[in-house]
Amino acid sequence: MNWGGILLGTASFVIIGLFHPIVIWAEYHFGKGCWPVFLAVGLLAAASLTVSNLYAGALLGIVAFSCFWSIRELFEQEQRVKKGCFPKNEKRKKT
């Protein structure tokens, strides 16, 4: 039996699921201005093009595109905070 596909799917599910609270946390503490961090991590993870192991490359690719998705999601999260769906961090300096 080859469990690679099931394990890769499970890992994808976990990685994507972890990025939801990461985006909420990042927007709360740093605001949408932290998007370059997600871009940098995504570009680093895009090094999956150079990885010869299929599963490791696929997982890095999933992390890369989850980071890229997170950039858009940061801006949408800001809108959800403005609508009152999520709490606003009053202690954060205005940027």
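Biologist: Is glutamate 78 buried or exposed?

Modeller: Buried means under 20% relative accessible area, exposed over 50%, and partly exposed in between (1.4 Å probe, protein chains only). Glutamate 78 has 17%, so it is buried. This is a predicted model, where local features need pLDDT of at least 70 and side-chain atom pairs count only at pLDDT 80 or more, while totals for chains, interfaces and linings use all residues. Residues are numbered from 1 along each chain as its sequence is written, and side-chain values use heavy atoms, leaving out hydrogens and water.

Biologist: Which residue forms a salt bridge with glutamate 78?

Modeller: A salt bridge is a side-chain nitrogen of Lys or Arg within 4 Å of a carboxyl oxygen of Asp or Glu. Here the partner is lysine 32, with the closest N and O atoms 3.3 Å apart. Lysine 32 sits in the loop between H1 and H2 and glutamate 78 in helix H3, so the pair ties together parts 46 residues apart in sequence. Helices are DSSP runs (H or I, at least four residues), numbered from the N terminus. Lysine 32 itself is partly exposed, at 33%.

Biologist: How many salt bridges are there in the whole structure?

Modeller: The search finds 4. One of them joins arginine 80 to glutamate 76, at 3.9 Å between the closest N and O atoms.

Biologist: How far apart are arginine 80 and glutamate 76 along helix H3?

Modeller: An α-helix has 3.6 residues a turn, so residues three or four places apart point the same way. Arginine 80 and glutamate 76 are 4 residues apart, about one helical turn. Shared partners link Arg72, Glu73, Glu76 and Arg80 into one salt-bridge network.

Terms used:
Helix = DSSP H or I, 4+ residues; strand = E, 2+ residues; numbered from the N terminus.
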